[in-house]
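The points may be read alongside the sequence.

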Amino acid sequence: MSDNRVSILASDHSTSPSSQLGFGVDIGGSGVKGAMVDLRTGEFVGERHRIATPQPATPDAVADTVAEIVDHFGWTGPVGLTVPGVVHERVMRSAANVDQSWKGTDVYALFGARLGGRRVTVLNDADAAGLAEFRFGGGAEVSEGTVILLTFGTGIGSALMYNGILVPNTELGHLEIDGKEAEHRASAKVREDKGWSLEKWAGKVSRVLAHYEAIFSPTLFIAGGGISRKSQVWIPELTNRTPVVPARLRNTAGIVGAAMAVDEGLVF
Ligand code: BGC
């Protein structure tokens, strides 16, 4: 436990004397969202605060928005942040659906400096969701084997856990299947753009999952992203041999996972 954490626990942010609080920020294409998190339960403490992502969504502009969100809560402790790209050795290495200027940015230096030099952890958005789902959600009962969480949104994000350990930056949404990237075949955005029914879209998802099954032989898939709310319609349509369960944490998973990651001192 860091000194920061001790001072936070002593502050009036805590709901009970024993609560362990963390803070996570989820940076997305349309919104930047932050909340205080009870790290024992994976639940938000109070409301989440959302600010529309500035346009253009350059690193500096987004860092200002992040600082505004953190200040909104008066939070002074470590901050975990998610970004929609690869984070390797503290640098963002890809920018598939975000401003290209993120590529090559030292995101730890960027957010650390903008947040007054405090400790930060920056990680891929789907990896953060995977950490949270594995601890508190649909993967919590599985302790062995390979579990793959997929987030279906603008793209397809992925988190791969083996025996409970995250293998970061798997980027399975960019795997090419029959000459086309998985996320160009079966993201939620592709379904919207094409006007497909959930049933038709499920056929495309089955094809993508079959490819992942052939490579990883997973024990379980967890389906996240907004479309997991309609999982009772499309999950039964899937034709894969591996069980698929909906994410339980819904749109809180990124924030919760980011808060967990910085609390555990993870660096990506
Ligand atoms: C990005 C991933 C991200 C996913 C979901 C993909 O296009 O490459 O890094 O996790 O979208 O946001």
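1. A polar side-chain atom of E183 is 3.0 Å from an oxygen atom of the ligand (a polar contact is a pair of N or O atoms within 3.5 Å). Taken alone, the ligand exposes 310 Å², of which the protein buries 91% (Shrake-Rupley method, 1.4 Å probe).

2. The model is predicted: local features need pLDDT of at least 70 and side-chain atom pairs pLDDT 80 or more, while totals for chains, interfaces and linings use all residues. Residues are numbered from 1 along each chain as its sequence is written, and side-chain values use heavy atoms, with hydrogens and water left out.

3. The residues around the ligand (a heavy atom within 4 Å) include P84, G85, D125, I156 and E171. This shell divides into three nonpolar, five polar and three charged residues, Gly being counted as polar. At least three of its residues come from each of domain 1 (6–127 + 252–263) and domain 2 (142–247); the bounds come from an automatic or database assignment.

4. Where is the largest cavity lined? Its lining includes L150, F152, F221, W234 and V244, and about 40 Å³ of space lies within it. The whole structure holds one cavity of 30 Å³ or more.

Technical notes:
A polar contact is a pair of N or O atoms within 3.5 Å; within protein, one must be able to donate a hydrogen and the other to accept it, and residues adjacent in sequence count only if both atoms are side-chain atoms. On a 1 Å grid over the protein atoms alone, a cavity is a set of points where a 1.4 Å probe fits but cannot get out, and a pocket is an open set with protein on both sides within 12 Å along at least five of seven lines; lining residues have an atom within 4 Å of a point. Grid points are joined across faces, edges and corners, and a volume is the space filled by probe spheres set on the points.
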